[in-house]
Amino acid sequence: MGVMLSAAGSLQWYRDTLAPDTSFDELMTEASVAPAGSEGLIFLPYLSGERTPYPDPLARGAWVGLTLRHKRGHLTRSVLEGVAFGLKDSFALIEGAGLGAIEQVRVSGGGAKSALWRQILADVLGAELVAVNTTEGAAYGAAILAGVGCGEWPDAEAACSNLIKIVERVSPEEKRVVLYGLVHDKYKELYPALKPSFNRLASP
């Protein structure tokens, strides 16, 4: 299991703080024009500290690589990519624990509503991304288990077969998978490099 403290919350914070009068759709349109990798701009999504892969309440968010050529579309896309890189870190831990290669990922929640973010996730994770007919992952899963407990279905597998339907499949694009692999390597260097600064910034 991996937990990010500011996944879709990073995009919500970004919009509310820097573009409060702009719709998410408009921000996504601008981000779709920015190239994959955001021209060297990387966002660390540790706005509330972090839990996975770094159990560090003092971790902080950051943009690294900001230049004059970067526009709002780059900023937005870098937020989407930074969250995807954070999720990839969790997947790497899960794979390292013995799960093996991850070939398909099921996505739900607010961030799953963005077609661009779904494609970025597929490309960063290097796996097919599958959207299902509910956006409420944890709550819906709990309701399904309650139905099993009440005898509505014989087991969770039967309940899911009855209730969960795939509504979209997003395949990774090989060139972007390779590119994002290189960017993710740079992303992974940033937290260890900045951790001493994060610790000092937290001191009174």
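Trp-63 is partly exposed, at 26% relative accessibility. For the cut-offs, buried is under 20% relative accessible area, exposed is over 50%, and partly exposed is in between, with a 1.4 Å probe and protein chains only. Before going on, the sources. This is a predicted model, in which local features need pLDDT of at least 70 and side-chain atom pairs count only at pLDDT 80 or more, while totals for chains, interfaces and linings use all residues. Residues are numbered from 1 along each chain as its sequence is written, and side-chain values use heavy atoms, with hydrogens and water left out.

Back to Trp-63 and its ring partners. The rings of Tyr-14 and Trp-63 have centres 6.1 Å apart and planes at 65 degrees, so this pair is edge-to-face. Rings of Phe, Tyr and Trp, the last by its six-membered ring, pair if their centres lie within 6.5 Å; planes under 30 degrees apart are stacked, over 60 edge-to-face, and the rest tilted. Tyr-14 is in helix α1 and Trp-63 in strand β2, 49 residues apart, and the pair links these distant parts of the chain. Tyr-14 itself is buried, at 1% relative accessibility.

The whole structure has 9 aromatic pairs. One of them is Trp-13 with Trp-63, which is tilted, at 6.2 Å centre to centre and 35 degrees between the planes. Trp-13 lies in helix α1 and Trp-63 in strand β2, so this pair ties together parts that are 50 residues apart in sequence. Trp-13 is partly exposed, with a relative accessible area of 34%. Taken as a cluster, ring pairs link Trp-13, Tyr-14, Phe-43 and Trp-63.

Now helix α1 as a whole. Which residues of α1 are buried? In this helix, residues 8-18, they are Ser-10, Leu-11, Tyr-14 and Arg-15. They sit on the same side of α1, because they cover an arc of only 130 degrees around the axis; the arc is taken from the directions from the helix axis to the C-beta atoms. The cover over these buried residues includes α2 (24-33), β1 (42-44), β2 (62-64), α3 (72-99) and α4 (115-125). Arg-15 also has its charged end over the ring of Phe-24, 4.4 Å from the ring centre. The rule for that is NZ of Lys or CZ of Arg within 6 Å of the ring centre and within 35 degrees of the ring normal.

Next, Tyr-191, in helix α7, residues 174-202. Tyr-191 is buried, at 7% relative accessibility. Leaving out residues up to four places away in sequence, Tyr-191 touches Tyr-46, Tyr-54, Asp-56, Ala-59 and Phe-198, where contact means heavy atoms within 4.5 Å. With Asp-56 there is also a side-chain polar contact of 2.5 Å. A polar contact is a pair of N or O atoms within 3.5 Å; within protein, one must be able to donate a hydrogen and the other to accept it, and residues adjacent in sequence count only if both atoms are side-chain atoms. As for Ala-156, 35 residues from Tyr-191 along the chain, the two C-alpha atoms are separated by 39 Å.

On to backbone geometry. The peptide bond from Thr-52 to Pro-53 is cis, with omega near 5 degrees, and Pro-53 lies in the loop between β1 and β2. In the loop between α2 and β1 we find Ser-38, which has a positive phi of about 50 degrees although it is not a glycine. Ser-38 is buried, with a relative accessible area of 0%. Glu-39 is in the loop between α2 and β1, and its phi is near 50 degrees, a positive value in a residue other than glycine. Glu-39 is partly exposed, at 35% relative accessibility.

Last, the cysteines. How many disulfides are there? The count is 0, with a disulfide taken as a pair of cysteine sulfur atoms within 2.5 Å. The sulfur of Cys-150 has its closest cysteine sulfur in Cys-160, 15 Å away, which is too far for a bond. Cys-150 is exposed, with a relative accessible area of 71%, whereas Cys-160 is partly exposed, at 33%.

Notes. Helices (H or I, at least four residues) and strands (E, at least two) are DSSP runs, numbered from the N terminus.
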